[in-house]
Amino acid sequence: MVDQKAPINGLLLTGGGARAAYQVGVLEALVDIRRECSVRHPRNPFPVITGTSAGAINAAALACGADNFEAAVHNVADVWRNFHSGLVYRSDSLGIIRTGASWLTLLSLGWLLTCRRRRANPRSLLDNAPLLALLKSLVPLERLPDLVARGHLQALGVTASSYSSGEHATFFEGAATIAPWSRSQRFGIRADITHAHLMASSAIPFLFPAWPLPVDEGVHYFGDGSMRQSAPIAAPIHLGAERILAIGAGRMHEPREGHGSAGASTYPTVAQIAGHTLSNIFLDSLAVDVERVRRINHTVGLVPPAARETSTLKHIELLQISPSKRIDEIAAQHIGDMPRPVRALLRAVGVTSDKSDYQGAALASYLLFEADFTRELMALGRADAERKRARICAFFGWNDPRKPVLTADAAEQPLVERRRDPLRV
């Protein structure tokens with residue numbers, strides 16, 4: 001049950017396709033740390049759970065098991081630990097020919113054929129119909145109303161981006177006290193979360209098809225929620241979270257060096273440009289929003305307590321965990337694990353099997369739903385969480401018998417205000 005007196009914890013899981021396996025490793029470590037701290041009850045530590053893209057699928061699976069958080073984490077981990085591409089998209093030769101090969105053919109011949117033969121207009125590079133079947137077995141959304149009524153969950157939020165209006169939407173299901181919200185180009189709307197919402201939220205642009213969802217009295221087509229997501233941390237705050245654990249799918253600060261030598265001084269391939277674009281969609285917004293929240297926290301700390309009572313700004317305790325290694329480099333080692341038809345398709349846009357071609361591997365990393373890759377990311381997530389063990393225990397107020405030293409982390413220190421206009425969430 002949710003402790004009404006304690007600050008409300010929120011969990012934010014960002015997008016990133018197959019990269020989201022990292023999040024599950026962090027959560028597994030969280031479960032282990034909690035058990036070692038003698039917190040043995042099954043209570044859900046995150047009354048508010050939000051996610052985007054593949055993170056939305058992880059979030060929904062956890063929310064649907066909110067009455068036994070530990071078991072929910074283990075169930076999700078079992079899926080990621082035994083993943084293969086066929087669970088997410090058609091990776092056989094016929095499936096690739098019907099979607100990817102046709103799509104690339106139209107690109108090479110021009111879209112004149114599309115005007116003459118509407119049926120020849122594929123909607124995406126890949127067919128992700130298998131994902132819907134996986135969601136129906138992994139995410140029992142019919143449990144949500146009862147879990148909210150029994151106090152195991154306050155809210156689940158799933159974000160998606162409307163191709164129809166250009167707006168960014170967070171669909172939420174939860175307590176009746178939560179009000180919808182509207183900000184510039186983004187809004188929150190109460191809805192009965194369905195598997196269609198998860199398909200829409202995870203519809204990576206160009207790779208997977210958009211999904212129709214009802215909005216007001218009409219229908220909009222939605223794609224991946226990471227698109228145009230300028231403030232990912234805002235959703236859990238609107239849903240009532242006062243402390244937020246944000247788990248990303250990419251390094252917060254990529255080094256200038258170590259990008260690999262392949263193609264470093266030549267014109268970028270389509271795969272390199274696509275990988276860079278997807279990284280911009282999936283990875284950059286969290287880093288920017290973390291800085292913004294810390295600037296606001298710094299500003300709030302400078303306001304006298306009396307004036308703070310009348311301010312719309314509030315301090316948000318934030319713990320952020322992201323990969324300590326470049327996932328592109330890890331993906332480059334596993335491209336050979338992908339099904340042959342998928343490798344052939346990606347080769348057509350410049351993805352090679354060269355293990356030093358990290359830039360080309362960026363695109364593949366979002367589609368690498370193969371067990372060896374996902375297990376390596378899960379292991380990285382566990383290791384990164386263990387390195388932040390002291391911060392995790394401090395965040396939750398757990399008494400750790402190991403008593404690790406809480407070391408300074410420059411990336412988590414309050415930032416000096418760079419702009420004078422703290423932004424609303």
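**Figure 1. Contact between helices H1 and H16.** In this predicted model, Ala21, Tyr22, Val24, Gly25, Val26, Glu28, Ala29, Asp32 and Ile33 of helix H1 meet Thr374, Leu377, Met378, Leu380, Gly381, Arg382, Asp384, Ala385 and Glu386 of helix H16. The residues of this contact comprise 10 nonpolar, 3 polar and 5 charged. Helix H1 is formed by residues 21-36 and helix H16 by residues 371-387.

**Figure 2. Geometry of the H1 and H16 pair.** The axes of H1 and H16 come within 7 Å and cross at roughly 45°. The two helices are therefore oblique to each other. The crossing of H1 and H16 is right-handed.

**Figure 3. Residues annotated as "active site" in the UniProt record.** In the unreviewed UniProt entry, the annotation "active site" covers Ser53 and Asp224. Ser53 is located in the loop between strand E2 (48-52) and helix H2 (54-63).

**Figure 4. Contact between helices H2 and H3.** On the H2 side, the contact involves Asn58, Ala61 and Leu62, which meet Phe69, Ala72, Val73, Val76 and Trp80 in H3. By residue class, the contact of H2 with H3 has 7 nonpolar, 1 polar and no charged residues.

**Figure 5. Contact between helices H3 and H16.** Helices H3 and H16 pack at an angle of about 135°, with a spacing of 8 Å between their axes. H3 and H16 are therefore oblique to each other. Ala77, Trp80 and Arg81 of H3 make the contact with Ala371, Thr374, Arg375 and Met378 of H16. The residues of this contact divide into 4 nonpolar, 1 polar and 2 charged.

**Figure 6. Residues that take part in two of these contacts.** Trp80 of H3 meets H2, and Trp80 also belongs to the contact of H3 with H16. In H16, Thr374 and Met378 meet H1, and Thr374 and Met378 also take part in the contact with H3.

Conventions:
Residues are numbered from 1 along each chain as its sequence is written. This is a predicted model: local features need pLDDT of at least 70, side-chain atom pairs count only at pLDDT 80 or more; totals for chains, interfaces and linings use all residues. Side-chain values use heavy atoms; hydrogens and water are left out. Axes are lines fitted to C-alpha atoms, for helices over the stretch in contact, and angles run from 0 to 180 degrees between N-to-C directions. Helices (H or I, at least four residues) and strands (E, at least two) are DSSP runs, numbered from the N terminus. Angles under 35 degrees count as roughly parallel, over 145 as roughly antiparallel, 65 to 115 as roughly perpendicular and the rest as oblique. A crossing is left-handed if the near helix is turned anticlockwise from the far one by less than a right angle, and right-handed if clockwise. Contact means heavy atoms within 4.5 Å. Ala, Val, Leu, Ile, Met, Phe, Trp, Tyr, Cys and Pro count as nonpolar, Asp, Glu, Lys and Arg as charged, and the others, Gly among them, as polar. UniProt positions are given in the numbering used here, feature names are shortened, and annotations may be inferred rather than shown by experiment.
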